[in-house]
Amino acid sequence: MSPAETSTSSAVTLNINGEKHTLPVDHRTTLLDALRERLDLTGTKKGCDQGQCGACTVLVDGRRAVSCLQLAVAAEGREITTIEGVAEGDRLHPVQQAFLELDGFQCGYCTPGQICSALAVLEEHAAGWPSAATDDVRPEAGPPPLTPEEIRERMSGNLCRCGAYVSIVQAVTRAAAQTTDGAKEQVA
């Protein structure tokens, strides 16, 4: 076998926050480590490194993913959004603004993952996806009301060791109302 055939690394091109980054990575490198250690995108946090805390949550093709369990090579060709790519310039996303205004953080360590997860929650809810807390899961029932119980269930993969859960639920509720109102304004 030639050395190229036995190599455990290769160059990958990652599309992160709308920018392409080509870098050599060991095939065992997680997306989290590529983001933090290779691309200096340190907003995504390393918490448990086992996929249980949600601190490393990013969006991959619009769906949330714990980046500590995703290999960087498996993310090639996919759209990756980290916390650094959520705001539009100096204008915060409504989810970020709500977290800031309603103190949806204490130490802030879990906040990037919480915000990325909240973005996915709003998209999933708008698409009519049920959760384990949804009473009527029939498609004709439409999206369930985004109650605090729904939000808590949908955000349950993200832990906050400081206990800012009440404020996080309030922030997601406010952001949901603002993004719904914004969508109504665009239609009108």
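Let's start with Val60, which stands opposite Ile80 in strand β5 and also opposite Arg63 in strand β4. Strands here are DSSP runs of E with at least two residues, helices are runs of H or I with at least four, and both are numbered from the N terminus. Keep in mind that this is a predicted model, where local features need pLDDT of at least 70, side-chain atom pairs count only at pLDDT 80 or more, and totals for chains, interfaces and linings use all residues. Residues are numbered from 1 along each chain as its sequence is written, and side-chain values use heavy atoms, with hydrogens and water left out.

Now for the strands around Val60. Strand β3 (residues 57–60) pairs with β5 (residues 79–81) in the antiparallel sense over 2 bridges, and 4 bridges join β3 to β4, again antiparallel. Two strands count as paired if DSSP finds at least two bridges between them. In general, the strands of a sheet pair through backbone hydrogen bonds, either parallel or antiparallel.

Zoom out and you'll find an open sheet of 5 strands, in the order β2-β1-β5-β3-β4, with mixed pairing. At the edges sit β2 (19–26) and β4 (63–66), each pairing on one side only. From one strand to the next, the twist averages 40 degrees.

What lies across this sheet? Helix α4 (residues 111–126) lies across β3, β4 and β5, and runs at about 40 degrees to β3. That angle is taken between N-to-C directions, on a scale from 0 to 180 degrees, using axes fitted to C-alpha atoms (for helices, over the stretch in contact). Glu124 lies in helix α4 and Arg64 in strand β4, so the pair ties together parts that are 60 residues apart in sequence. A salt bridge means a side-chain nitrogen of Lys or Arg within 4 Å of a carboxyl oxygen of Asp or Glu. Glu124 is buried, with a relative accessible area of 13%, whereas Arg64 is partly exposed at 26%. Buried means under 20% relative accessible area, exposed means over 50%, and partly exposed is in between (1.4 Å probe, protein chains only).

Back to the hairpin of β3 and β4, which has 2 residues between the strands; there, Asp61 takes a positive phi near 55 degrees. Asp61 also forms a salt bridge with Arg78, the closest N and O atoms being 2.9 Å apart. Asp61 sits in the loop between β3 and β4 and Arg78 in the loop between β4 and β5, so this pair ties together parts that are 17 residues apart in sequence.

After α2 comes Asp40, whose phi is positive, near 60 degrees.

Finally, take in the whole chain, with its 6 helices and 5 strands. The radius of gyration is 18 Å, close to the 16 Å that the globule rule gives for 188 residues, so the chain is as compact as a globular protein of that length. This radius is taken over C-alpha atoms, and the rule is 2.2 Å times the number of residues to the power 0.38. Of the 188 residues, 40% count as buried.

Note on methods. Contact means heavy atoms within 4.5 Å.
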